[in-house]
Amino acid sequence: MAIDFKLKNALIKARKVYGDNFLIDLAIEEMGELIVALNHHRRKRVEASAVQEEIADVMLALKELQQIFGTGDIVDFYRKKCERFEQRVEEKNHELQTVQ
């Protein structure tokens, strides 16, 4: 998901206006709200749209965290995590097929 120029400027300005500690606390809060929404969805207390809204909040918070901590090696870390995830899925799939 590409970040547009207007949003990038807003993210930079947010650091000046609110400060890093506030934005880190906000990211933690948004992640907590996503956890609550996911639990409520599993219990059929909220619709998928409530979870989607919290995902959007977390996505924005993650963009702010990238501004704070830098993007550095995130792409490489992400690529490695995806590869490991794919490997685990394939291992589990093979395991399930072997049992059947």
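Colleague: Which residues in H2 are buried?

Modeller: Leu-23, Ala-27, Glu-30, Leu-34 and Ala-37. Buried means under 20% relative accessible area, exposed means over 50%, and partly exposed is in between, with a 1.4 Å probe and protein chains only. Before we go on: this is a predicted model, where local features need pLDDT of at least 70, side-chain atom pairs count only at pLDDT 80 or more, and totals for chains, interfaces and linings use all residues. Residues are numbered from 1 along each chain as its sequence is written, and side-chain values use heavy atoms, with hydrogens and water left out.

Colleague: What do the buried residues of H2 pack against?

Modeller: Helix H1 (5-18) and helix H3 (48-69). Contact here means heavy atoms within 4.5 Å.

Colleague: How many helices and strands are there, and what makes something a helix?

Modeller: Four helices and zero strands, so from the N terminus the elements read α-α-α-α. A helix is a DSSP run of H or I with at least four residues, a strand is an E run of at least two, and the numbering starts at the N terminus.

Colleague: Why do you call the protein more spread out than a compact globule?

Modeller: Its radius of gyration is 18 Å, well over the 13 Å that the globule rule gives for 100 residues, so it is more spread out than a compact globule. The radius is taken over C-alpha atoms, and the rule is 2.2 Å times the number of residues to the power 0.38. The C-alpha atoms fill a box of roughly 60 × 35 × 25 Å along the principal axes, and 15% of the 100 residues count as buried.

Colleague: How do you know that the length of H2 agrees with what a helix should span?

Modeller: The expected span is 1.5 Å times one less than the number of residues. For the 23 residues of H2 (residues 20-42) that gives 33 Å, and the end C-alpha atoms are 33 Å apart, so the two agree. H1, with 14 residues, reaches 20 Å from first C-alpha to last, close to the 20 Å expected.

Colleague: What makes the phi of Lys-44 worth a look?

Modeller: Phi of Lys-44 is near 65°, a positive value in a residue other than glycine. Most residues other than glycine have a negative phi. Lys-44 lies in the loop between H2 and H3, and at 75% relative accessibility it counts as exposed.

Colleague: Which residue follows H1, and what is its phi?

Modeller: Gly-19, with a positive phi near 90°.

Colleague: Last one: why does Val-99 count as buried or exposed?

Modeller: Exposed, because its relative accessibility is 69%. Val-99 lies in helix H4 (residues 74-99), and its C-alpha is 33 Å from that of Phe-77, 22 residues apart along the chain.
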